[in-house]
Amino acid sequence: MGRVIGKRLFSIMALCAMVGLLLLPIVVAMPSLAIGEEATADGAKKEGDKVEKGRDVYYKTEGVVVGAPAPKTTDGPKDYPRYNFESRVLLWFANQQHLYYGSFVLAVPIFCMIIEFMGVVTKDKALAKRYDQLAYDFIKISLTAYSLTAVLGGILIFTFLTLYPAFFSYLSSVFRPVMHIYALMFVAESGTLYIYYYGWDKMKEGFLKWIHLSMSVILNIIGTLLMFLANSWIGFMMSPAGVDEQGRYLGNIWHVIHTALWNPLNLHRILGNMAFGGGVVAAYAAYKFLAAKTDEDRAHYDWMGYIAMALGVAFLIPLPFAGYWLMREVYAYRQQMGITLMGGLLAWLFIIQATMIGILFLSTNYYLWQAMGRMRGAEKYQRYIKYLVFLLACGYMVFITPHTMVMTPAELKAMGGQQHPVLGNYGVMSAKNGGINVIITTTVLSFVWYMRGNKVSTVSWAKFGNIFMGVFFACAYINIIGLAIYGYYIPANVRVGLSVPQVTTTLSCLFFMFALNSMMMKGAKQMGPIEWGKISARSQYALIMLATAFTWMMGLMGYIRSSVRLFWHVNEIMRDNSPWAYTHTVGFAANMISANVLFFWISILFVFWLGSLTAKKAPVEAKVAVPGSVPQPAGSH
Amino acid sequence: MGNLISEALSMGWMAMAILVGLLVYFQVSVKDPAAKKRAVFKTFIGIVATFLLFVAIANYKTNFYGESRLLPVSLVMITVTTFIMALYFTNLSALLRIGGMMFFIAAFLSGYGNWLPQVEGGFPPVEEKKTWDSMTPQQLADEGEKIIFGGVGKNKEQGAIGKGQCPLCHAFHAGMLGERAPNLLGLPTRKERLEDPKYSKGNPSKREYSVKEAFPGSGTAETVQEYIAESHSCPSCYVVSGYGVKGTNDKESPMPAIHKPPISLSLPELAAVDTWMYLREGVEPPSFEEIIKSYEKFIPEADRPKQQEEKAGPASALMADGSEPVDQIFAKAQCVSCHTIPGIPGAMGTIGPKLEEGTTAAQRIKDPTYKGTAKSPAEYIMESIVEPSAYVVKPFPDNTMPKVFGQKLSAGALKKIVDYLSQVKAGAPPPKIS
């Protein structure tokens, strides 16, 4: 016993030492940063009365000016050197690709952590091994993508340096210490990732496994901090702080990092990355499923696709709330910026976003219905699916109907009023909220059906539970749709308030019905096993649809976030005086996003293919279980 | 399409030539008839797919910035290509089908984006820091004309209006009658105002107006320029007979102080406006410094608006963009000068009808003399703002209300006005300001 404790202590100490070593570069960097600041302050003191003070544009605090003002650029080869092409488009491309890969390699380790943890705590040995193998597969995919992320990061920096030198030199002068810490953390991230990956087999048993799992936690902490630092740059560009009106750095690096939009951006990006990562892994599983030659492979990748999809959707659901917070902060920071986004120049892009949200939910539902096909006993639900399709289609049509659009006075005159003569009567906010809430509630219903697909409840109150559930859902639909219709009869300012009871109804369905269903299904009788791998090929296309739509939506929202600065490199501090300081049309942006999405997918399919080459050489030892006797993953039921 | 095909051929002829070569080679060299048929067929499909791919690339190349934005069509072609390839290259089938699916989704979304109305954000206003004090009088006058009318040479244009919003109430040319405010022709030589006993030159405490002085101790004007400056900064210090707020017996002016919100002209901008007034009549204007000094006499330092750099935002000079609460929109558009609007502070105007549209709009639509096109109260209100002459409420004269609001208010601002006015009912408490 004592020996075990000693071993554990030793392991913990070893782990701490490793973390300490990895974080050493950052610790070393901190004092030098402080010294740098002191030196500047000393320098300023020596010059006596020449100390110039500036006022922080956001925090309104006073500080000693230590930086140069933001350069006033002019259109020409000095500030905007170029090829015979739009520099902004090149930068857009480089940035987006780096972001796609960056998000992917940050999200996958989080999945690994969750799945490895599930493997460690699962009592079923075979299942634990499967989880472990899945986590290992994930990290393997991300390893190739990791080096590509670094390469793309390099390309991005070179693109900045060669095409926007004035802007980049200003940004790097403000963020000088942050950029160095970022680089050092990248080293720490790489080190941890390699140890984590290559130490997998060596650390697979006993307490070493826990150490290995803790390393994934550290990996994710470093990764998240890395992302936070990168977010501080875009946060600064949108809502600068820590500088005076001329853009002169005032010596407080925390102000520069902690801008008005930094935290909402951080949260939104973590959730977004997770949903995106889930989508990419689901697409990988779909690809492997479609390319699989054996039933065994099909069973494994079917299961992998399901887990990835479920994780992705789990993070998709809170995403709108994080988006709401971000948008609220945008309005609080500059109302004009909010209006440009939601009711001005960029408003049409939000219509596309609504369409995309609809597509995501429809794909998820379609996948779940297809997935019921691999369960014996789920046939009883099949005949009701057409009604769900009807509900989803109606909800979707109402959801994407525009009401008040931003128009020029000429358009206003042509249309004869603020609203379209026909559609204008329908697409009011409460009805649209009703639409999306019907969609989400229906998705919850699909999930509930999926979860009880091959089971029959054995609890004594099963009948009552079923009736209660049915009545609850019916009341939820009546409430949501009733309020949506009621909204037509009341003034706009009252109507807005209807969203609260509508959303509450949906969330009640989500939490109460999931909880009730789990209670009812405890110890339920199984009609038959889930026959992993016996799912239609069409379902895998739904996963691909989900993944592509996630990618497209990420490109779209990133574009919206970036273009809301209009003609500012750094909002209200540094103007964009290049010939591309205007906002492209919706069509051009859509084409550009498509091009980015396709490039990303072509390149990542190539990465998958590379991964499959190494897999062929790997020993078959990893393959477990025979189809049919496949244990059910805990996460699925 | 012809262009695209020739462009595709010029780019892809080598690839296609190789495939045609292969086709011929298989035709000649493969002995087994079944294998020959399969090889020839596959190559033929390959040629079709390659051709489609190059048409798509040519399309992408020529229409990247094009108006027609045919990229989605390209993507559909690539989709078709990949599916064709997937049918015949079975070992890559899954990859190609997935690729095809993704191209299809991208094509759909691109097509959707292109189908929506295309709005392009214009270039930002040119950043120029005006150096007012070094401008010639003519340059200064041009700036002044821009502030009053929105552009140089626009002073005779019907409905032209600039940041200063002066033409909403004032007339500037001979023969034009301003209903709400005096005609400003001849202002630079209007010395008689200073001699008017009501003006009470040198003794502001004897004035009978609602405001005696611009600020305590500012005194009264001694010169014409000072009179102009005082009129801009303290309109109620002296009110021209017949132009006061109705019911105040000309004791109070409906004009807002020009250096304060919503108009907020800076001192140099006011100097530019004044310089235009002089120059257009051929009168030599006072120097820039003298004009500034005249304003400094009536505007205390704390009240002077800071010189603004060219503001960020669209170049069109909107009076209100819709982000403001509705009471501010009414103030910015100067509706309050002419109309009484229940619930809106300061809206006591009587030049136009009282706005209780929740009650009156429906009645007016039913009026047999109504010739407009509105079917609902909301449409009627919108019509009255955008086309005021569509129906003129008796006994008010036609052509008093400016016809510029359709251009000068954003759609959002118009919507807020319509929403508010449609809720104002006679005899009922006014609606909440939102």
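Good morning. In chain A, residues 24 or more positions apart account for 83% of the contacts with a separation of 6 or more, two residues being in contact if their C-beta atoms, placed from the backbone, lie within 7 Å. What we have here is a predicted model, in which local features need pLDDT of at least 70 and side-chain atom pairs count only at pLDDT 80 or more, while totals for chains, interfaces and linings use all residues. Residues are numbered from 1 along each chain as its sequence is written, and chains are lettered from A and ligands numbered from 1 in the order in which they are written.

Let me stay with chain A. Its elements are 21 helices and six strands; helices (H or I, at least four residues) and strands (E, at least two) are DSSP runs, numbered from the N terminus. Chain A has 637 residues, and 44% of these count as buried. A residue is called buried if 20 or more other C-beta atoms lie within 10 Å of its own, exposed if 12 or fewer, and partly exposed in between, with C-beta atoms placed from the backbone.

One helix to look at is H16 of chain A, residues 429–451, whose 23 residues reach 33 Å from first C-alpha to last, close to the 33 Å expected at 1.5 Å a residue. That expected span is 1.5 Å times one less than the number of residues. Because 20 of its 23 residues are buried, H16(A) is largely enclosed by the rest of the structure.

Next, a pair of helices. Two packed helices are described by the angle between their axes and the distance between the axes. Helix H8 (residues 262–291) and helix H9 (residues 295–316) of chain A pack at about 165 degrees, with axes 8 Å apart. Axes are lines fitted to C-alpha atoms, for helices over the stretch in contact, and angles run from 0 to 180 degrees between N-to-C directions. H8(A) and H9(A) are therefore roughly antiparallel; angles under 35 degrees count as roughly parallel, over 145 as roughly antiparallel, 65 to 115 as roughly perpendicular and the rest as oblique. The residues of this contact divide into 15 nonpolar, four polar and four charged. Here Ala, Val, Leu, Ile, Met, Phe, Trp, Tyr, Cys and Pro count as nonpolar, Asp, Glu, Lys and Arg as charged, and the others, Gly among them, as polar.

I turn to chain B. It has 15 helices and zero strands, and 38% of its 434 residues count as buried. Among contacts between residues at least 6 apart in sequence, 55% join residues at least 24 apart.

Helix H12 (residues 357–366) of chain B packs against H13(B) at about 90 degrees, with the axes 9 Å apart. That makes H12(B) roughly perpendicular to H13(B). Among the residues that meet are B:Ala361 of H12(B) and B:Tyr380 of H13(B). By class, six residues of this contact are nonpolar, none polar and two charged.

Finally, how do the chains meet? In this model, 42 residues of chain B are in contact with 48 residues of chain A. Helices H3, H4, H13, H14 and H15 of chain B each give two or more residues to the side that touches chain A. H4(B) gives the most, with 15 residues. By class, that side of chain B has 22 nonpolar, 13 polar and seven charged residues. H15(B) is mostly covered, with ten of its eleven residues buried.
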